[in-house]
Amino acid sequence: MEALTDGQIPCLECTASAAGQTRKEAAKEQNRRRTSTSHQSDFEQEQQVSDQCPEPNGYFPDAEQCDKYYDCRDGKLHEKLCPDGLVFNDFSPEHEKCDLPFGIDCSKRPKLQTPIPSLNCPRLHGYFGHEDPTNCNTFYYCVDGKYNKIECSQGLVFSPKTGICDWPDEAQKAGCGTKEVFNFTCPIVHDEAIKAAHPRYADPEDCQYFYVCVNGEIPRRNGCKLGQAFDERTGKCDWARKIPECKDWYKGQLTDAELDALENPKPKPTGSTRRKGPKHQQPIQEEEK
């Protein structure tokens, strides 16, 4: 049998004769092959479109790069990139949203665009820790490569995982654990009831502050308000001048008059704050003479 060129239809009689089939059987086989080839072609075409746009319209993440995404309009794909430091938030294909990486899972698409660094900003946008790894409570907030320097409150450190200030044990920042940040270790407690109550201990270096030992083990530093000190006997804050070991703590910081004002604040004025209008005087009538 001669070889067929593309597009030629084989002779049914020849095919049937060669395979020992009737003409009817050969026709059925040929039709089956055509249908199978057509279905395969349609599947490959649909698969190719699906790889580009999962749906005709919407915003879809790149499979490998967290700050890259695609805008699909009527099945046409447009590649886009978030501003440096932000990643694509794929919470809904109906919304085009680039966001800070905190709280967005990029574990399956970890690649990022090449950074554009500037002073104190490893990328154009984001929250970044201090360049000195031993400085635990200072960080930078960067917008368009310009930074704002921010410091955490006493006892807190910057968390690179969440971009906020947190307790050292929660932040888990290298070199900024409770042992490095606090010069204090929770005393060993064997009584489970005391552990569960989160016992408090005075800060050995500062009368105004104290430590709460979470579950009797993890120290967290807290403070009393101005003019007060922590009384270890009661486990509460009180006026410093009432606590023998802390009675002179505020000398040089506050005068006695200022401490008196804090301890005995003047009562706030009470009554209606409604503005009163001018009183209307009754006209004076002259006596007839």
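Reader: Why is Cys98 called partly exposed rather than buried or exposed?

Author: This is a predicted model, and its Cys98 has a relative accessible area of 23%. Buried requires under 20%, and exposed requires over 50%. Cys98 falls in between, so Cys98 counts as partly exposed.

Reader: What makes Cys82 and Cys98 a disulfide?

Author: Their sulfur atoms are 2.0 Å apart. The cut-off is within 2.5 Å. The pair therefore qualifies as a disulfide.

Reader: How do you know the handedness of the disulfide between Cys82 and Cys98?

Author: From the torsion about the S-S bond. That torsion is about -80°, so the disulfide is left-handed.

Reader: Where do Cys82 and Cys98 lie in the chain?

Author: Cys82 is in the loop between E3 and strand E4 (87–88). Cys98 is in strand E5. They are 16 residues apart, and the pair links distant parts of the chain.

Reader: Why is Cys82 called buried?

Author: Cys82 has a relative accessible area of 3%. Buried means under 20%. So Cys82 is buried, whereas Cys98 is partly exposed.

Reader: How many disulfides does the rule give?

Author: The count is nine disulfides. One of them joins Cys66 and Cys106, with sulfur atoms 1.9 Å apart. The limit is 2.5 Å, so this pair passes.

Reader: What is the torsion about the S-S bond of Cys66 and Cys106?

Author: The torsion is about -65°, so this disulfide is left-handed. Cys66 sits in the loop between E1 and E2. Cys106 sits in the loop between strand E5 (98–99) and strand E6 (126–129). The two are 40 residues apart. Both Cys66 and Cys106 are buried.

Reader: What makes Cys152 and Cys165 a disulfide?

Author: The S to S distance is 2.1 Å. A pair within 2.5 Å counts, so Cys152 and Cys165 form a disulfide. The torsion about their S-S bond is about -80°, so the disulfide is left-handed. Cys152 is in the loop between strand E8 (146–151) and strand E9 (157–158), and Cys165 is in strand E10, so the pair ties together parts that are 13 residues apart in sequence.

Reader: Are Cys152 and Cys165 buried or partly exposed?

Author: Cys152 has a relative accessible area of 8%, under the 20% limit, so Cys152 is buried. Cys165 stands at 26%, between 20% and 50%, so Cys165 is partly exposed.

Reader: Why is Arg221 called buried?

Author: Arg221 has a relative accessibility of 12%. The limit is under 20%, so Arg221 counts as buried. Arg221 lies in strand E13 (residues 218–223).

Reader: What makes the pairing of Arg221 with Gln154 a polar contact?

Author: The side chains of Arg221 and Gln154 come to 2.9 Å. The cut-off is 3.5 Å between N or O atoms, one able to donate a hydrogen and the other to accept it. The pair therefore counts as a polar contact. The side chain of Arg221 also makes a polar contact with the side chain of Asp203, at 3.0 Å. Other residues touched by Arg221 include Trp167, Phe182 and Tyr209.

Reader: Why is Gln172 called exposed?

Author: Gln172 has a relative accessible area of 60%. Exposed means over 50%, so Gln172 qualifies. Gln172 is in the loop between helix H3 (168–171) and helix H4 (178–181). Its phi is positive, about 55°, although Gln172 is not a glycine.

Reader: What is the accessibility class of His198?

Author: His198 has a relative accessible area of 33%, between 20% and 50%, so His198 is partly exposed. The phi of His198 is positive too, near 55°. His198 lies in the loop between helix H5 (192–196) and strand E11 (200–202).

Reader: How do you know that strand E2 pairs with E3?

Author: Six bridges join E2 (residues 68–73) to E3. Pairing needs at least two, so these strands pair. They run antiparallel. Cys72 stands opposite Leu77 in E3. The open sheet has the order E1-E2-E3.

Reader: What makes E1 and E3 edge strands?

Author: Strand E1 (58–61) and strand E3 (76–81) each pair on one side only. The twist averages 30° from one strand to the next.

Notes:
Residues numbered from 1 in each chain as written. Predicted model: local features only at pLDDT ≥ 70, side-chain atom pairs only at ≥ 80, totals over all residues. Heavy atoms only, no water. Helix = DSSP H or I, 4+ residues; strand = E, 2+ residues; numbered from the N terminus. Axes fitted to C-alpha atoms, helices over the stretch in contact; angles between N-to-C directions. Buried < 20%, exposed > 50% of the residue type's maximum accessible area, 1.4 Å probe, protein only. Contact = heavy atoms within 4.5 Å. Lists of a residue's contacts leave out its neighbours within four places in sequence.
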